[in-house]
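Hi,

Here is the structure I said I would hand over. Please open it alongside this message and follow the points below in the viewer.

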Amino acid sequence: MEESVIARAQELREQIRRHDYYYYVLNAPRISDAEYDRLLRELEELEQQHPGLVTPDSPTQRVGGLPQPEFLTVEHRVPMLSLSNAFSIGEISAFDQRVHRFLGMKADEVLDYVCELKIDGLAMSLTYRDGSLLIGATRGDGQKGEDVTLNVRTIRSIPLHLLDSDIPSLVEVRGEVYMSHIAFEQLNRQREEMGEASFANPRNAAAGSVRQLDPRITAGRSLDFFSYALGTVEGGYSPASQWEILNKLREWGFPVNPNITLCHGIKEAIAFCESWQERRSGLGYDIDGVVIKVDDLQLQEHLGYVSRSPRWALAYKFPAIEETTEVADILVQVGRTGALTPVAYLKPVQIGGVTVSRATLHNEDEIRRKDIRIGDRVVVRRAGDVIPEVVSAIKEARNGDERPFVMPDKCPVCNADVFRAEGEAVSRCTGIACPAQLKERIAHFASKDAMDIEGMGSAIVEQLVDNGLVKDPADIYHLTQNDLLTLERMGKKSASNLLAAIEKSRHTALDRLIYALGIRMVGRRNAEILAEYFGDLEKLRQASVEELEQVPDIGPRRAESVHLFFRQSETDTVLDKLKEYGVSWEAPAAPAEEGRLEGKSFVFTGTISISRSQAELMVKAAGGKVSSSVSRNTDYVVAGEDPGSKYEKALQLGVTVLTEDEFRRLLEG
Ligand SMILES: [Zn+2]
């Protein structure tokens with residue numbers, strides 16, 4: 001390989017690492033995204049042309065691994081010990097006195113301590129050989145952890161290769177993987193929408209994300225990292241203090257929490273603890289205390305260890321963010337996507353200076369798993385800005401009057417039936433006009449693949465619903481110019497444009513209408529299949545679960561969802577109103593008599609008025625088959641507008657060419 005190629009790859013890697021550091025660690029990018037992409041693309045191209053160039057620590061190799069069958073066990077070179085805890089200011093002073101005594105120092109001699117926020121995440125050990133990330137391992141039991149290297153590599157703020165000089169031949173960096181409140185809430189929202197159980201708190205979410213056997217899943221989670229200590233160091237670096245280590249970690253490209261301080265004497269350390277106890281909720285991630293370490297590493301060595309904890313460090317835990325109280329009731333909230341979330345109504349209790357009277361219980365399975373009942377005494381936790389949650393029930397305190405929670409089978413907001421698909425954690429309201437989810441439903445109804453009402457954006461939908469102009473999807477077709485003019489920033493011109501767009505959507509296709517109804521688990525493709533199979537909305541409305549299960553690709557869960565949706569009286573009302581307001585939908589061309597086209601092969605070219613997949617279904621329903629290329633064995637070529645080379649080929653080979661109309665007539669017989 002040419003020297004110049006190797007040198008260029010090297011140069012690109014160094015540049016990209018530096019920019020990753022500016023972007024992910026310092027949050028201060030120095031080049032535009034486009035420039036960064038150019039660098040990365042150039043490196044990718046070089047590596048593609050010269051596969052021998054690829055190294056595991058190349059910035060192109062963040063997600064490379066395949067799912068693993070299980071995690072391997074890693075033995076820590078230096079055990080990852082736990083710190084002794086202090087729960088009061090008095091215990092911090094006692095710690096300082098112990099250190100003085102052990103070191104034979106006079107009580108008034110001042111010691112330097114480093115104070116660091118205690119991040120509530122998952123402790124991680126990262127081993128680098130010659131500057132390249134070799135192993136990422138969880139703490140495990142302190143002696144042995146799990147090898148999660150492939151997952152750790154996907155965390156963008158963790159360097160795959162250390163920056164700067166002074167790099168030891170082997171170094172183990174320790175820190176905490178965590179998830180910010182924003183990332184946590186976003187992840188739970190996504191999971192709720194997918195019908196998956198939400199995570200109880202950011203720490204569980206971080207731990208669950210790191211311990212994924214498929215690194216691609218980890219890569220999709222927004223995880224972050226703060227480093228705070230060294231384990232083994234071999235060759236090349238011998239620091240004198242913890243403060244120096246923290247600064248070196250920064251130089252090597254690791255994120256170090258900005259809220260660290262070097263305290264002269266324990267009084268300053270105590271002031272630091274007290275100040276963060278007050279301010280912690282504004283951090284955007286969870287901390288559960290402050291770690292106080294003797295700064296001087298030589299003194300640390302003198303102090304050594306007692307049982308399984310270092311004598312030179314202390315974890316000050318903030319006062320209980322957990323309290324006990326009573327569950328007065330469990331009620332259900334309906335979210336904007338129709339998800340039903342049980343909420344515990346509590347006898348008000350002070351937790352960390354805030355009165356808490358409600359706490360989330362996540363979902364039905366979670367309540368059953370924790371066995372939380374109405375009337376129970378429970379432990380409630382509040383962590384940072386995150387919604388308080390019920391941790392557990394105190395079963396010993398039961399007197400027999402407690403009542404188990406039952407998920408209602410009717411929506412508490414609109415009284416429609418509740419649907420919970422087998423295997424999903426979340427129950428959902430099926431009501432098409434449910435006030436709790438109306439905005440989402442209207443926005444979906446008007447969207448491009450549904451009724452395609454141009455200009456009906458979320459801001460308009462918001463106002464239409466808030467002003468009571470639209471109480472169900474059909475109301476859209478009853479709006480007048482005057483109605484629209486009452487909306488903010490709606491001039492005459494935009495009002496008539498919107499009305500024209502609504503008018504245009506009044507005549508639509510059956511599959512679009514079915515999709516627009518927003519039936520749970522029925523996406524565009526399923527809507528097409530249902531429209532094609534039943535050919536008529538009435539038949540679909542009357543179909544039994546068994547009939548629906550017969551439809552290709554529908555399956556039992558979807559069949560149940562569709563069936564339940566059409567059993568709702570609100571669904572009937574809305575469909576009747578749609579008709580009354582002049583909305584009409586065209587059924588797909590009638591399917592041919594079964595077997596009419598038995599054994600005939602079709603090729604499509606050019607654009608026809610129905611979708612290609614719909615046309616294919618029609619041919620298949622009649623017993624024919626569709627192929628992608630024309631040969632002597634092709635029976636028909638259906639040529640739409642702007643036919644391509646297949647049309648020419650058909651003419652050459654003398655294959656029968658049909659127009660769309662001829663094709664439809666052939667199907668109808
Ligand atoms: Zn509802």
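**A helix pair to start with**

Helices α17 and α22 cross in a right-handed sense. Please keep in mind that this is a predicted model.

The two helices, α17 (residues 524-534) and α22 (residues 612-621), pack at about 35°, and their axes are 10 Å apart. On the α17 side, the contact is made by Arg525, Glu528, Ile529 and Glu532, which meet Ser613, Gln614, Leu617 and Met618 of α22. By type, three of the residues in this contact are nonpolar, two are polar and three are charged. The spacing of such positions has a simple background: an α-helix has 3.6 residues a turn, so residues three or four places apart point the same way.

How much of α17 is buried? Eight of its 11 residues are, so the word "mostly covered" applies to this helix, given that buried means under 20% relative accessible area. The buried residues of α17 are Asn526, Ala527, Glu528, Ile529, Leu530, Ala531, Glu532 and Phe534. Their cover includes α16, α18 (537-542), α19 (545-550), α20 (555-566) and, once again, α22. Gly535 follows α17 and has a positive phi, near 70°.

In α22, the buried residues are Gln614, Ala615, Leu617, Met618 and Val619.

Helix α1 (residues 3-25) packs with helix α2 (residues 33-49) at an angle of about 145°, and here the axes are 10 Å apart. The crossing of α1 and α2 is left-handed. From α1, the contact involves Val5, Arg8, Ala9, Leu12, Arg13, Gln15, Ile16, His19, Asp20 and Tyr23; from α2 it involves Asp33, Tyr36, Leu39, Leu40, Glu42, Leu43, Leu46 and Glu47. The residues of this contact divide into 10 nonpolar, two polar and six charged.

**The zinc site**

Which residues hold the zinc ion? The ion is coordinated by the SG atoms of Cys411, Cys414, Cys429 and Cys434, at 2.2 to 2.4 Å. The angles among the four donor atoms run from 95 to 121°, and the site is tetrahedral. Along the chain, the donors follow the spacing C-x2-C-x14-C-x4-C. Of these cysteines, Cys429 and Cys434 are both buried.

**Two buried residues worth a click**

Lys293 is part of strand β10 (residues 287-294). Why does Lys293 count as buried? Its relative accessibility is 7%, so Lys293 falls under the 20% cut-off. Leaving out residues up to four places away in sequence, Lys293 touches Asp112, Tyr113, Val114, Glu116, Tyr228, Ala229, Gln242, Trp312 and Ala313. The C-alpha atom of Lys293 is 6.5 Å from that of Cys115, although 178 residues separate the two along the chain.

His362 is in the loop that runs between β16 (354-360) and α11 (364-370). Is His362 buried or exposed? It counts as buried, because its relative accessibility is 10%. With residues up to four places away in sequence set aside, His362 touches Ser198, Phe199, Ala200, Thr341, Pro342 and Glu389.

**Two aspartates with positive phi**

Asp452 is not a glycine, yet it has a positive phi of about 55°. This residue lies in the loop between α12 (438-446) and α13 (458-466). Asp452 counts as partly exposed because its relative accessibility is 32%.

Asp553, also not a glycine, has a positive phi of about 70°. Its place is the loop between α19 and α20. At 55% relative accessibility, Asp553 is over the 50% cut-off and therefore counts as exposed.

**The protein as a whole**

The protein has 24 helices and 28 strands. Its C-alpha atoms fill a box of roughly 105 × 80 × 50 Å along the principal axes. Of the 669 residues, 49% are buried. Among contacts with a separation of 6 or more, 68% join residues 24 or more positions apart.

Conventions. Residues numbered from 1 in each chain as written. Predicted model: local features only at pLDDT ≥ 70, side-chain atom pairs only at ≥ 80, totals over all residues. Heavy atoms only, no water. Axes fitted to C-alpha atoms, helices over the stretch in contact; angles between N-to-C directions. Helix = DSSP H or I, 4+ residues; strand = E, 2+ residues; numbered from the N terminus. Left-handed = near helix turned anticlockwise from the far one by under 90°. Contact = heavy atoms within 4.5 Å. Nonpolar A, V, L, I, M, F, W, Y, C, P; charged D, E, K, R; others polar. Donors = N, O, S within 2.8 Å, 3.2 Å for Na, K, Ca; no water. Tetrahedral: all angles 85-135°; square planar, octahedral: opposite > 155°, others 65-115°. Buried < 20%, exposed > 50% of the residue type's maximum accessible area, 1.4 Å probe, protein only.
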